[in-house]
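This report walks through one protein chain. Look at the sequence and the fold together before reading on.

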Amino acid sequence: KIGDPGVKHENFKNPEVEREDMSAIDAIIRAKFEVTVEYDTISVSQDKDANMWCVDFWTLDVVGGGQSVYLNGNGLTCYIVYGE
């Protein structure tokens with residue numbers, strides 16, 4: 001929710017150019033603009049019902065410190081969740 005610790009809802013770096021035909025690769029490329037943590041692993045998932053993409057970034061074998069970037073179906077960043 002807005003105001004929760006570890007959740008960012010504004011001041012995104014993602015270019016505000018929407019796309020109609022977002023793929024998983026497109027979601028990853030756009031989410032990389034937002035990443036502020038070091039990572040060596042990426043996963044991406046799509047919730048078609050909610051029309052959202054989630055791209056997770058983390059370092060393998062390290063507990064916490066990951067980051068999840070949520071983009072809408074047109075590729076605009078909606079919010080970012082920081083791991084602990």
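The text below covers the sheet, the helix, the loops and the cysteines of this predicted model.

## The sheet

Five strands make an open sheet. Their order is E1-E5-E4-E3-E2, and the pairing is antiparallel. E1 and E2 are the edge strands, each pairing on one side only. In general, strands of a sheet pair through backbone hydrogen bonds, either parallel or antiparallel.

Strand E1 covers residues 7-8 and strand E5 covers residues 77-82. Two bridges join E1 to E5, and the strands run antiparallel. Val7 has Val81 of E5 as its bridge partner. Lys8 has Ile80 of E5 as its bridge partner.

Move on to E4, which spans residues 67-72. Five bridges join E4 to E5, again antiparallel. Leu71 has Thr77 of E5 as its bridge partner. E4 and E5 form a hairpin, with four residues between them. Gly75 sits in the turn and has a positive phi of about 90°.

On to E3, residues 52-58. E3 and E4 pair over six bridges in the antiparallel sense. Trp53 stands opposite Leu71 in E4.

How enclosed is E4 by the rest of the structure? Largely, because five of its six residues are buried.

## The helix and the nonpolar patch

Helix H1 covers residues 24-32. Its buried residues are Asp26, Ala27, Ile28, Arg30 and Ala31. The cover over the buried residues of H1 includes E2, E3 and E4.

Ile25, Ile29 and Phe33 form a nonpolar patch on the surface. Together they have about 300 Å² of accessible area. An α-helix has 3.6 residues a turn, so residues three or four places apart point the same way. Phe33 itself belongs to the loop between H1 and E2, a strand of residues 41-47. Phe33 has a relative accessible area of 43%, so it counts as partly exposed.

## Residues in loops

Asn14 lies in the loop between E1 and H1. Is Asn14 buried or exposed? Asn14 is buried, because its relative accessible area is 5%. Leaving aside residues up to four places away in sequence, Asn14 touches Arg30, Phe33, Glu34, Leu71, Gly75, Leu76 and Thr77. Several of these names have come up already. Arg30 is one of the buried residues of H1. Phe33 is part of the nonpolar patch.

Val62 lies in the loop between E3 and E4. Val62 counts as partly exposed, because its relative accessibility is 48%.

Asn14 and Val37 are 23 residues apart in sequence and 16 Å apart in space. Val62 and Tyr39 are also 23 residues apart along the chain, with a separation of 9.7 Å.

## The cysteines

How many disulfides does the model contain? The count comes to zero. For Cys54, the nearest cysteine sulfur is that of Cys78, 11 Å away, and Cys54 is in no disulfide. A disulfide is a covalent bond between the sulfur atoms of two cysteines.

Cys54 is buried, because its relative accessibility is 10%. Cys78 counts as partly exposed, because its value is 27%.

## Accessibility at a glance

The table collects the single-residue values.

| Residue | Relative accessible area | Class |
|---|---|---|
| Asn14 | 5% | buried |
| Phe33 | 43% | partly exposed |
| Cys54 | 10% | buried |
| Val62 | 48% | partly exposed |
| Cys78 | 27% | partly exposed |

Definitions and conventions: Residues numbered from 1 in each chain as written. Predicted model: local features only at pLDDT ≥ 70, side-chain atom pairs only at ≥ 80, totals over all residues. Heavy atoms only, no water. Patch = residues over 30% accessible without salt bridge, like charges linked within 9 Å, V, L, I, M, F, W, Y side chains within 5 Å. Areas by Shrake-Rupley, 256 points an atom, 1.4 Å probe, with all protein chains shown as cover. Salt bridge = Lys/Arg side-chain N within 4 Å of Asp/Glu carboxyl O. Buried < 20%, exposed > 50% of the residue type's maximum accessible area, 1.4 Å probe, protein only. Pairing = 2+ DSSP bridges. Disulfide = S-S within 2.5 Å. Contact = heavy atoms within 4.5 Å.
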